[in-house]
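This briefing is intended for reading alongside the sequence and the three-dimensional model.

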Amino acid sequence: RRVQPLPAQGEAAPRLGGVRCLRARPPHRSCLARAPPLSLRPLCRIGTVAPVRDFPEDQWDRLLALMLTSPFLLARYSWEALAASGDGRICVIASAHALTASPFKAGYVAAKHGVLGLVKTLALEGAQVGIAATAVCPAFVRTPLAEQQVAERGLDAVIERHAVKRLLEPAEVADVVAFLLGPGGRGITGVPVPVDLGWTAA
């Protein structure tokens, strides 16, 4: 495929899978200075279902851009401020699919496995400057996307791999993130934190 040059900083780039992208640039220092304690919580929940032989390349690019490149850029451009805070935290919302796989979800699974590797690298590099990094790995959460899948496939099919047969509530995931970003989470870094209703126990 032909590679297009990046636009200038802040200039709108062509859409990737219907998503308007901007070339990332460092956050303004004054904004970072007003936000202690500093933490990052990249969040993204989209997906494309297709066999590998038919998986659309633009959707592959879109998934990796949103789920892997975005957390990398957030960490890169916030690194100095996170380190200066003395207690920086990066908490990525990954997925149970960062720890396991499902057929027909090559882009999503690859991106989530990739972001877990990124979190481990951030943790190792951040250890000497007071930055901790974690990846919360939830099962299916009651979101509009999950509810759409339930309507199309039925609840039993969606949560088939959950040991506990229900959807997670968003507040359950938020509570884990709050703990990781709070005083109790200081010693947790470089690891996935499953909130998966027993999915990955099997």
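**Residues with positive phi**

Phe104 has a relative accessible area of 47% and is therefore partly exposed. The model under discussion is a predicted one.

- Phe104 sits in the loop that runs between strand E2 (88-93) and helix H3 (106-126).
- The phi angle of Phe104 is near 70°, which is a positive value in a residue other than glycine.
- Leu197 also shows a positive phi in a residue other than glycine, with a value near 55°.
- The location of Leu197 is the segment after strand E4 (191-195).
- Leu197 counts as buried because its relative accessibility is 13%, and the cut-off for buried is under 20%.

**The cavity**

- One cavity of 30 Å³ or more is present in the structure.
- The volume of the largest cavity is about 30 Å³.
- Elements that contribute two or more residues to the lining of the largest cavity are E2, strand E3 (131-138) and helix H6 (170-181).
- E2 provides the largest share of this lining, with three residues.
- The residues that line the largest cavity are Arg89, Ile90, Cys91, Ala132, Thr134, Leu180, Leu181, Gly185 and Ile188.
- By class, the lining of the largest cavity comprises six nonpolar residues, two polar residues and one charged residue.

**Nonpolar cores**

- The largest nonpolar core contains 18 residues, of which Val136, Leu168 and Val173 touch the most other members.
- At least two residues of this core come from each of E2, H6 and E4.
- H6 makes the greatest contribution to this core, namely three residues.
- When neighbours within four places in sequence are left aside, Leu168 is in contact with Pro138, Ala139, Phe140, Val141, Arg142, Val173, Val195 and Leu197.

**Aromatic pairs**

- Two aromatic pairs are found in the structure.
- Phe55 and Trp60 form an edge-to-face pair, because their ring centres are 6.4 Å apart and their planes stand at 90°.
- Within this pair, Phe55 is buried at 10% relative accessibility, whereas Trp60 is partly exposed at 33%.
- Phe140 and Trp199 make up a stacked pair, with 5.7 Å from centre to centre and 10° between the planes.
- Phe140 belongs to the loop between E3 and helix H4 (144-153) and Trp199 to the segment after E4, so this pair ties together parts that are 59 residues apart in sequence.
- Phe140 is buried, with a relative accessible area of 7%, and Trp199 is buried as well, with a relative accessible area of 6%.

Definitions and conventions
Residues numbered from 1 in each chain as written. Predicted model: local features only at pLDDT ≥ 70, side-chain atom pairs only at ≥ 80, totals over all residues. Heavy atoms only, no water. Helix = DSSP H or I, 4+ residues; strand = E, 2+ residues; numbered from the N terminus. Buried < 20%, exposed > 50% of the residue type's maximum accessible area, 1.4 Å probe, protein only. 1 Å grid on protein atoms, 1.4 Å probe; cavity = no way out; pocket = protein on both sides within 12 Å on 5 of 7 lines; lining within 4 Å. Points joined across faces, edges and corners; volume = space filled by probe spheres on them. Nonpolar A, V, L, I, M, F, W, Y, C, P; charged D, E, K, R; others polar. Core = buried A, V, L, I, M, F, W, Y, C linked by side-chain atoms within 4.5 Å. Contact = heavy atoms within 4.5 Å. Phe/Tyr/Trp six-rings, centres within 6.5 Å; stacked < 30°, edge-to-face > 60°.
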